[in-house]
Amino acid sequence: PPPSRSNKCPPLPLPKPPQPTMANIDYNAEKVNLIKHENIERPGIHLKSVAREKERKTKWENELIRISVLDNDGNERLGCTWRIPRHKCTPEFLQEIINRSPAAEDPDGCLLEFLRDSSGVDLIWPDMMQSKCNPKPFSYYVVKKFVTEGYDASTDDHYSGDLRVMIKDVPMKTENEKYLVKMEDVRAWVLAGVIEEDSYVTKYTKKVAKCAKAMEILTKRIKTTANQPVFDDKGKEVHGAVADKEREDRYLEMSREREKIEEEHDKTKHELETAMNQRIASKIELIRGNVDEASSRCTWKVIFSGINKDMFENLVAHKTDWNGIRLAIGRGERTPYTGRGSIPDGSKPFVPDLREFLVNMHGVKVTRLEDGFGTYQELDRQSTDIRGKRFQYY
């Protein structure tokens, strides 16, 4: 029988809600934020802003940079002034047009070292021209590589004997005079010059540059594949699924080609590193010679040994653009830095600021002099001049 009201069971107490904890609060907050984020409408790309940005970039890339070559009196040479679009201001392009100008007919040529502005204050290295140069009313002029023709005793037909490579007027301290220049620093500078002239290394350098250029061109073509029109055999533009399939095939083909070039690039780069390490490990000894305390400069005697001794000596003695190689001394575990162009200034996170350790190597002279045992061919009579490569009796 149904229970009477008097016998009705009392209602069970409701369970208490769980007390909020920091973990629950954080979880709930994350959940609420996620729901809000999903419900927010994402704004689309405003085509007008994209068009304006593209127009600004195109205008900037097409700005004309005025560059000229000066004569010995500081005046612009006839036929040696150009207005070059910014996107073409590369060291290779500028050197190419210089080679086609009257400046290339100079006895010592006209190799680009860097640019200076018309005021003569700012110095701009070739790899920074696109970002640093400004359009009209600014103008810039070319500073040629300083050619140093040192004396080479091996070309003296009147001498036969031992020779030695000497490096004169080497600074003993850095530009700020805080640090001393050691033998390891000068050795790295000499090896940088050897590597630039060594055909065994340069063949890999050119091959790496060629692969890098091919990869850059392919990458640009792959990016524009999706927007390229597709035509059939009759020259009529194709649309729809057929065009998409053709673009996909092009993309896959160029991707496979880029992978092959990347493999070749990596292989050649490894061979280049191996060749450079072999040259860096070459047997080269440097001995400090005369010291000029007044100018804080000294002379270093360079002694090559091993199977490449004669080749290295010839490369060093015949090189004429030593002053373009810059040197930042090494300290601790950091090896000396050598190279052309601007010195690392710390703007890149993986390369430290080396300006404090820079050595002024301009004015350094590399020569090959008579040293050791040798003989000179001479005559007592001043009226007779000896000619010829062989020693003779008269």
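Trainee: Quick one to start: is Arg-247 buried or exposed?

Mentor: Arg-247 is buried, with a relative accessible area of 17%. Keep in mind that this is a predicted model.

Trainee: Where does Arg-247 sit, and which residues does it touch?

Mentor: Arg-247 belongs to helix H7, residues 241-280. Leaving aside residues up to four places away in sequence, Arg-247 touches Thr-225, Ala-226, Gln-228, Pro-229 and Val-230.

Trainee: Let's move to the sheets. What is the strand order in the open sheet of five strands?

Mentor: The order is S2-S1-S5-S3-S4, and the pairing is mixed. Strand S2 (76-85) and strand S4 (123-124) are at the edges with a single partner strand each, so one side of each has no neighbour in the sheet.

Trainee: Which helix packs on that sheet?

Mentor: Helix H3, residues 91-99, packs on it and touches strand S1 (64-70), S2, S3 and strand S5 (140-144). The direction of H3 makes about 150° with that of S2.

Trainee: How many bridges do S9 and S10 pair over?

Mentor: Seven bridges, in the antiparallel sense, with S10 spanning residues 297-304. Within S10, Val-302 is the bridge partner of Leu-286.

Trainee: Tell me about H5 itself. How many residues does it have, and how far does it reach?

Mentor: Helix H5 (residues 183-197) has 15 residues and reaches 22 Å from its first C-alpha to its last, close to the 21 Å expected at 1.5 Å a residue.

Trainee: Why call H5 largely enclosed?

Mentor: Eleven of its 15 residues are buried, so the rest of the structure largely encloses H5. Among the buried ones are Asp-185, Arg-187, Trp-189 and Val-190.

Trainee: What's in the largest nonpolar core?

Mentor: That core has 33 residues, and those with the most contacts inside it are Ile-167, Val-186, Trp-189, Val-190, Phe-304 and Val-316. Elements that each supply at least two of its residues include S6, H5, S9, S10 and H8. H5 gives the most, with six residues.

Trainee: Which residues does Phe-304 touch?

Mentor: Not counting residues up to four places away in sequence, Phe-304 touches Val-165, Val-190, Lys-283, Ile-284, Lys-309, Phe-312, Glu-313 and Val-316. There is also a second, separate core of 19 residues, including Cys-80, Ile-97, Ala-103 and Leu-112.

Trainee: Last topic: how many disulfides turn up?

Mentor: Zero, from a search of the whole structure.

Trainee: And are Cys-211 and Cys-298 buried or exposed?

Mentor: Cys-211 counts as buried at 6% relative accessibility. Cys-298 is buried as well, with a relative accessible area of 2%.

Conventions: Residues are numbered from 1 along each chain as its sequence is written. This is a predicted model: local features need pLDDT of at least 70, side-chain atom pairs count only at pLDDT 80 or more; totals for chains, interfaces and linings use all residues. Side-chain values use heavy atoms; hydrogens and water are left out. Two strands pair if DSSP finds at least two bridges between them. Helices (H or I, at least four residues) and strands (E, at least two) are DSSP runs, numbered from the N terminus. Contact means heavy atoms within 4.5 Å. Axes are lines fitted to C-alpha atoms, for helices over the stretch in contact, and angles run from 0 to 180 degrees between N-to-C directions. The expected span of a helix is 1.5 Å times one less than its number of residues. Buried means under 20% relative accessible area, exposed over 50%, partly exposed in between (1.4 Å probe, protein chains only). A nonpolar core is a set of buried Ala, Val, Leu, Ile, Met, Phe, Trp, Tyr and Cys residues joined through side-chain atoms within 4.5 Å. A disulfide is a pair of cysteine sulfur atoms within 2.5 Å.
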